[in-house]
Amino acid sequence: MRPLLLLAVLICFHCILRKCFCTSEQDKVLFIIAATQEQASLLQNISSHNETVLWQPASPSHIAVKTPVHLYIQSSSVSQITELLRAHQFSFRVMLENTQQLIQEQIRNDTTDPKSGGMTYERYHSLEDIYHLVNITSQEHPDMTKLILIGSSFEKNPLYVLKLSGRRGPVDKAMWMDCGIHAREWISPAFCLWFIKFALTFYKQNADITTMLDEMDIYILPIMNPDGYKYTWTTNRMWRKNRSVREGSSCVGVDLNRNFDANWCTRGASSNPCSDIYCGQYPESEPEVQAVTKFLRSHKDSVKIYFSIHSYSQMLLFPYSYTHEEIPNHTELYELVQEAALKIRRHYRNQYRYGSGAKTIYLAPGGSDDWAYDQGITYSFTFELQDLGRYGFLLPPNLISSACNEAFAAVKTIALRVLEKLQ
Ligand SMILES: [Zn+2]
């Protein structure tokens, strides 16, 4: 081989290697802490930059001194931003550097036949596969399930609720659980699917599951934000909001968990359509929120327990998030989440923080759990599943089952305790 040609081949090979394997080419997630007010303001600025996505907290406005910040940075800006952080003496470290590889791992195995491969519930599913799974499940268990269309999304994707019931006559109590309000929190819809499978498989085998399904109906909305979820599979894995378009704004999407009519758009939400915590044009402006509120309003008398499943940060939360004031049954709900967190720690050796939303994280008005509580569903909870930031939104498929097992332990502990109270 002639030397020039050899050089060209070597350079090309080097390029391929860098593209595929060299971590410096990848997007990164940094863990950053601001030590001074000046640093906090600078970090707010940096995290508003287009080339970054704030993982935690949910919005730059929540960044304060000593608040841990998880910031996703596109590869093209990594060196520029890390230099800036060094120049301003920030304390920071790389939290995740193999983001592309993790994303690939999450979408791998997904075929058009979601039943292939056996481990259906230990991997992530595209929107089409979720619809398919829910449909198949309802067909296979006509005696225990009912598929209910409660509305459709901005892009006209259906919003299906699967109603689970034991093999018995009608009951007057029900539980609601929604997953996937925020598009990028993939473990959330994975948990709803896992829960459905687990409940149907172990009914009449596991005493706790049997009690739950015999004493109440369980309504499950596996994917509340189908448009956003689809977008995370096709275009932007880091997307959070829905995909609604507003005339006069080039920014897309509303944060559905700021769009409920619960102290709507006060401190902790944003009226800027470009913000990740944009509250929408008015309360319940979004079709996804309208569908859920309409359904829950018409089932207000039977629904006693409300769960909304999110990730990440391992927290068991209850109202209020829109004010620091305590709800009337604060102590009761505190004891419930405490018991659930203890159970997770004992059985799975994992730590979950717990308490009211505003006191445990930060003010977040317009949330679904606060709205449900104010409707009279006084056992209302928001869970933040695994992890604590090791993988963040990119939780690998091999951790799905442990995340689901511990979330199930918490749901079960609370549901059974509430059923006892309602006797
Ligand atoms: Zn969320």
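**Cis peptides, loops and helix packing in the predicted model**

Proline 57 is placed in the loop that runs between strand S2 (52-56) and strand S3 (68-73). In this predicted model, the peptide bond that joins proline 57 to glutamine 56 is cis, with omega at about -10°. A cis peptide bond also joins glutamine 386 and aspartate 387, where omega is about 0°, and aspartate 387 lies in the loop between strand S12 (379-385) and helix H13.

The fold as a whole contains 13 helices and 12 strands. The C-alpha trace extends over about 80 × 55 × 50 Å along its principal axes, and the radius of gyration is 22 Å, which agrees with the value near 22 Å that a compact globule of 423 residues would have. The mean pLDDT of the protein is 92, with 91% of the residues reaching 70 or more. Residues 10-24, by contrast, form a stretch over which pLDDT stays under 50, and for this stretch the model has five contacts beyond four places in sequence.

Helix H13 (residues 400-422) takes part in packing with helix H10 (residues 330-348), the two axes lying 9 Å apart at an angle of about 140°. Because an angle counts as roughly antiparallel over 145 degrees, H10 is classed as oblique to H13. The crossing in which H10 passes H13 is right-handed. From H10, the contact draws on Leu336, Glu339, Ala340, Lys343, Ile344, His347 and Tyr348, which meet Ser402, Asn405, Glu406, Ala409, Ala410, Thr413, Ile414 and Arg417 of H13. The residues of this contact between H10 and H13 comprise seven nonpolar, four polar and four charged.

Helix H13 also packs with helix H6 (residues 187-202), their axes coming within 10 Å and crossing at roughly 70°, so that H6 is roughly perpendicular to H13. This crossing of H6 and H13 is likewise right-handed. The contact is made on the H6 side by Ile187, Ala190, Phe191, Trp194, Phe195 and Phe198, and on the H13 side by Ile400, Ala403, Cys404, Ala407 and Phe408. In terms of residue class, the contact of H6 with H13 has 11 nonpolar residues, with no polar and no charged ones.

Helix H6 is in turn a partner of helix H5 (residues 127-140), the axes of H5 and H6 coming within 12 Å and crossing at roughly 15°, which means that H5 is roughly parallel to H6. Here H5 passes H6 in a left-handed crossing. The residues that meet are Ile130, Leu133 and Thr137 in H5 and Pro189, Leu193, Ile196 and Leu200 in H6, and by class the contact of H5 with H6 has six nonpolar residues, one polar residue and no charged residues.

Notes. Residues numbered from 1 in each chain as written. Predicted model: local features only at pLDDT ≥ 70, side-chain atom pairs only at ≥ 80, totals over all residues. Axes fitted to C-alpha atoms, helices over the stretch in contact; angles between N-to-C directions. Helix = DSSP H or I, 4+ residues; strand = E, 2+ residues; numbered from the N terminus. Parallel < 35°, antiparallel > 145°, perpendicular 65-115°, else oblique. Left-handed = near helix turned anticlockwise from the far one by under 90°. Contact = placed C-beta atoms within 7 Å. Nonpolar A, V, L, I, M, F, W, Y, C, P; charged D, E, K, R; others polar. pLDDT = per-residue confidence, 0-100. Rg over C-alpha atoms; globule rule 2.2 N^0.38 Å.
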